[in-house]
Amino acid sequence: MSLGEELCYKAHKMEVEEDFYSYELSNAEGLRVYKDSEELFAALRQKEDEVLLAAQVGNALLLENRQLKQETDALQHKYTQQLEELEQGRYELRVKLEDCRVQWESQVSELERDVQELQAQVQRLSQSLSEAEREKSRLKQEHSGQSHRLREQLQRAENDSSNAAFGQKPPRSLTFD
């Protein structure tokens, strides 16, 4: 069965009501009038071929439309999937960023505490150093004073002993402070 016959068969099977296509034709509309049946059948065959061609083009367009819809649906699904993956990645990056921020703040707090402890330790050591330098200075002065007194006493003792050797006054008693 040819495609034209198949379409005609399907059209008859649909039981289209006669008045669906009913309209009156008059020669005033500029329609061609066929004089014999051969000419009419040839024109009908030509129209049938045109209708078949139009049906084939329509089917091809429907098929192409269906394929385009499938491609569009596939692309939409693909891009939806990619968008979901991007959103998931973005969420994961936000979580990582928040974790890093919390860790950074914790480290900063710890370092600030360390700085405060070190500053307090520096202050204590500076005070200890100042006290040690004052003590050193005091001891140095005390030592210097004792050395000076001892030298004077030694000098007097030497003078006294030289005087005693030459018959002069008896030596004075040495006193240590």
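Buried, as used in these legends, means under 20% relative accessible area.

**Figure 1. Overall view of the predicted model and its helices.** The model shown is predicted, and the protein contains 2 helices and 0 strands. Of its 177 residues, 3% count as buried. The protein exposes about 16700 Å², and 55% of this area is supplied by carbon and sulfur atoms. The average pLDDT of the protein is 83, with 76% of the residues scoring at least 70.

**Figure 2. Helix α2 and its buried residues.** Helix α2 covers residues 37-165. This helix has 129 residues, and from its first C-alpha to its last it reaches 182 Å, close to the 192 Å expected at 1.5 Å a residue. Ala43, Leu52, Gln153 and Asp160 are the buried residues of α2.

**Figure 3. The nonpolar surface patch formed by Leu40, Phe41 and Leu44.** Together, these three side chains make a patch of about 280 Å². Leu40 belongs to helix α2. The relative accessibility of Leu40 is 37%, so this residue counts as partly exposed; the partly exposed class lies between the buried limit of 20% and the exposed limit of 50%.

**Figure 4. The salt bridge between Glu50 and Lys47.** The side chains of Glu50 and Lys47 meet at 3.8 Å, N to O, a separation that qualifies because the cut-off for a salt bridge is 4 Å. Glu50 and Lys47 are about one helical turn apart, because they are separated by 3 residues in helix α2. An α-helix has 3.6 residues a turn, so residues three or four places apart point the same way. Glu50 counts as partly exposed because its relative accessibility is 39%.

**Figure 5. The salt bridge between Asp73 and Lys69.** In this pair, the N to O distance is 3.4 Å. Both Asp73 and Lys69 lie in helix α2, where they are 4 residues apart, about one turn of the helix. With a relative accessible area of 36%, Asp73 is partly exposed.

**Figure 6. The salt-bridge network of Glu98, Arg101 and Glu105.** The side chains of Arg101 and Glu98 form a salt bridge at 2.3 Å, N to O. Arg101 and Glu98 are 3 residues apart in helix α2, and therefore about one helical turn separates them. Arg101 has a relative accessible area of 35% and is therefore partly exposed. Glu98 is likewise partly exposed, with a relative accessible area of 36%. Salt bridges with shared partners join Glu98, Arg101 and Glu105 into one network. For the model, the count of salt bridges comes to 7, among them the Arg101 and Glu98 pair shown here.

Figure 7. Where pLDDT is low, the predicted coordinates should not be read in detail.

Definitions and conventions
Residues numbered from 1 in each chain as written. Predicted model: local features only at pLDDT ≥ 70, side-chain atom pairs only at ≥ 80, totals over all residues. Heavy atoms only, no water. Patch = residues over 30% accessible without salt bridge, like charges linked within 9 Å, V, L, I, M, F, W, Y side chains within 5 Å. Areas by Shrake-Rupley, 256 points an atom, 1.4 Å probe, with all protein chains shown as cover. Buried < 20%, exposed > 50% of the residue type's maximum accessible area, 1.4 Å probe, protein only. Expected span 1.5 Å × (residues − 1). pLDDT = per-residue confidence, 0-100.
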